[in-house]
Protein chains: 2
Amino acid sequence: MLSVAAAVDAAVGSGVVRASRTERAAWLEALAATLEAHRDELVALAASETQLSEARLTGEVTRTAFQLRFFAGVILEGSYLEATIDEPDLSLIPPRPELRRMLRPLGPVAVYAASNFPFAFSVLGNDTASALAAGCPVVVKAHPGHPQLSRRVAELATAALAEAGAPAGTFALVEGMDAGIALVQHPGIRAAGFTGSEAGGRALFDLACARLAPIPFYGELGSLNPVVLTTAAVAARGGEIAAGLVGSFTRDGGQYCTKPGLVFAPASSNFVAQVAEAYPAAVAQRLLTAGMTANFARIAGELAAHPAVELVGAPGDGEASEPSQPVVVAVAAEAVLADPELFLRECFGPLTLIVRYRDEAQLHQVLGCIEGSLTGTVHCEPGEDVTGLTAVLVEIAGRVLFNGWPTGVAIAWGQQHGGPWPATTAAIHSSVGATAIRRWLTPISYQEAPASVLPAELLDANPHGIPRRVNGVLIV
Amino acid sequence: MLSVAAAVDAAVGSGVVRASRTERAAWLEALAATLEAHRDELVALAASETQLSEARLTGEVTRTAFQLRFFAGVILEGSYLEATIDEPDLSLIPPRPELRRMLRPLGPVAVYAASNFPFAFSVLGNDTASALAAGCPVVVKAHPGHPQLSRRVAELATAALAEAGAPAGTFALVEGMDAGIALVQHPGIRAAGFTGSEAGGRALFDLACARLAPIPFYGELGSLNPVVLTTAAVAARGGEIAAGLVGSFTRDGGQYCTKPGLVFAPASSNFVAQVAEAYPAAVAQRLLTAGMTANFARIAGELAAHPAVELVGAPGDGEASEPSQPVVVAVAAEAVLADPELFLRECFGPLTLIVRYRDEAQLHQVLGCIEGSLTGTVHCEPGEDVTGLTAVLVEIAGRVLFNGWPTGVAIAWGQQHGGPWPATTAAIHSSVGATAIRRWLTPISYQEAPASVLPAELLDANPHGIPRRVNGVLIV
């Protein structure tokens, strides 16, 4: 197995940071193509290691290939470079020399793969795709939940990259907890991306900050994803919303970072009964690991044992099942406010908590106790005034959505997958979508530089025709 | 004196994050105007507390007012919002809903003022200006080097903001080391900006990272600012370069974060003799504080005591003087490589070290030992191939400049004031220039949102006419 030192040294020496955008775009295309070419083999391997369905995994390969190609498009378009040219203006105080600025790759990036998306947030997932697109070599720490798949994808990636002309050291896989700890501390690593648990992410974040030269650590850790139902919405289509909720929180075993884990329903409504009616559609599923299965059962048991909790949908005897049967519990807002630590925590797996709120004031009181989330959802009716509610959710979540479900994260220019701690360690960037590339870039300004040392993107002639800002004016 | 808790609570409750861009632009204009209206009084106060010349301080007020207005222009232009609209595309995997994304203010920002720019990097300096522009209320921790000036500027700022309609809590000043420590740890603070020493910045950075919910800490700590002279440049205009160096490293007592502290000259050249000739133009100056004066004398003494060091220009007896007399020392690259910790460290004040390099290999060897810097400078002749040298400096520094001097940091769209650790804690952002605003912003995506909850900047009609990206295409 490759050592961390060997992997990082090869990354440092790879010269990837000097590769052109067209070269990197070709690498990304090659990686997408190799995933597709080996789809059946990879899906079978993934299914055997993760318990996820073949249909879901097949779609995830498509998503992952799309994501790789999406980032190829992002770098070819070129505006992500923020290329900027200021002509000299000696009349200013202080005088302005000629300045040409753009973003350049930070250097070798450590990627910590997640368990719940063995393709899309793993070896060739969003962090790796965006880092390679940025021009950073990548060392992936494999998730122990799918070791064989990780190794096979790494093998295919290494071959595809070599064939596409990427230098040795562009990509490597390391394994094991010790390797993960050594990786974030290695002086050659310049940034890290992580998707996983709050405990694991925090430990690595702390190591990244404690370095002699600290590095940015972009971790996506945990999220409750509150959903708020207005009285009008439940009155108009409570049954439909209940069915949508059951579909969303149980999707792929509820093992999504965007799973709706907390649903606010008007106490005066019959939403809880509507969910009970929809519950039989919920499908039991084996969870990713034994640890998750046990943790899910433990939290479900703790909630069910609380005297104020109503079991809305649960295995017959309210006990743990294998495969894990989805669990819906309901409780009054008063009980949540009395014990927020019990109720307002993430439970990975198919569990959701319905909070019955008496009025808007009480709703806002509970929302004020919630930590940062990736998403916040509103179900409302046309014409309802939800501006106040939206303003509260905007403070809590990176993506606020309406009359839909937070599971399913589109790969788009306008996506935001991040949120206040602990949703992400640094809420200022996204880990999905075009802007995820910004995490791996650092600015450089050239002052009065001879054309011979400038990147093509900053030459007067703009030979690549990218969008640029010239003397403060954006030109596309 | 205002307590940290009172200041932050007022900031949290201020509602500044909901102010419009035009409102904030008016606040920035009002702050610029009040500085100008009280210029004479403020300059006199600053001169009495800092030892800096009235001419320099007068220019700094102009710079600071320009900077406030510059950020007003940046927010009115609007592209800093990164407004993005994606229309739905259900043919994608996963399907893409309608997404509308932009940046919004993070929330209350802590600003740690610097001593060496009592206006431009202090109470109403770059961090405060960019944070208010972003829509974040600001709590400034005053630098103890100019307490009366800080209080007077804060008083004027508070009055100007109130008159311009800014809500209470938009701005506050706190004082003292304990307040500084409490400020970065206060849960209501969402980000911090710092300009100062490596020791102080690191201590605050560590506190920011150790919080229950960590926050981004943007610190500008220390910088050597290497300058490389080619053989051809010294041959063609060594005398001129020597005079420029003496002017730059002694400017305002050498108390610039961009002071050229390390100059690489070909061992075969007579550059050291040329600097000795230019040295008599160097002017002694009192430094900002007694601590800096003592530290400067100590480092100068340690260097002068080294057997390999040549005193090129120094007070008659090579000892400390008051006011501080500039010091130039020279040493062969071999000696630097033998004791990098002695030679490759920042000395705040008018001191520069000339390193005589034998050949390019040796030059690169020493450059390989340098930590991150804000700037890297090349003096070369037309037609010389300096691409290799530039590539090395780009890895070390955030701004690489040619045939000039790094002191003097223009306020521009294309500026980059930052660099690898310890130049800045996070090399991915600038603290000067238009992009400095990005440090105080966080993304929000609205999915399938009713128009009634959307910011004007994301409405279909684009009522403010800002640059936006629609379905991946940048439209200005």
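What rotation, and what shift along its axis, superposes chain A on chain B? In this predicted model, the answer is a rotation of 180° with 0.0 Å of shift, at an RMSD of 0.0 Å. The two copies are therefore related as by a two-fold rotation axis. Within chain A, the C-alpha nearest that axis belongs to Cys209(A), at 3.3 Å from it.

I turn next to the interface. Of the interface residues of chain A, 100% are also interface residues in chain B, so the copies meet through the same surface.

Let me now consider one element, strand 15 of chain A, which spans residues 441-447. This strand is mostly covered, with seven of its seven residues buried. In a regular strand, side chains alternate between the two faces of the sheet. Here, Leu441(A), Pro443(A), Ser445(A) and Gln447(A) point one way, whereas Thr442(A), Ile444(A) and Tyr446(A) point the other way. The residues of both sets are buried.

Which strands pair with strand 15 of chain A? Within chain A, strand 2, residues 99-105, is joined to strand 15 by seven bridges, and the two run antiparallel. In this pairing, Leu441(A) of strand 15 has Pro105(A) standing opposite. From chain B, strand 14, residues 397-402, pairs with strand 15 of chain A in the parallel sense, over three bridges. There, Tyr446(A) has Val400(B) as its bridge partner.

To conclude, strand 15 of chain A pairs with strand 2 of chain A and also with strand 14 of chain B.

Note on methods:
Residues are numbered from 1 along each chain as its sequence is written. Chains are lettered from A and ligands numbered from 1 in the order in which they are written. This is a predicted model: local features need pLDDT of at least 70, side-chain atom pairs count only at pLDDT 80 or more; totals for chains, interfaces and linings use all residues. Side-chain values use heavy atoms; hydrogens and water are left out. Buried means under 20% relative accessible area, exposed over 50%, partly exposed in between (1.4 Å probe, protein chains only). Helices (H or I, at least four residues) and strands (E, at least two) are DSSP runs, numbered from the N terminus. Two strands pair if DSSP finds at least two bridges between them. Copies are superposed by least squares on the C-alpha atoms of residues with pLDDT of at least 70 in both. Contact means heavy atoms within 4.5 Å.
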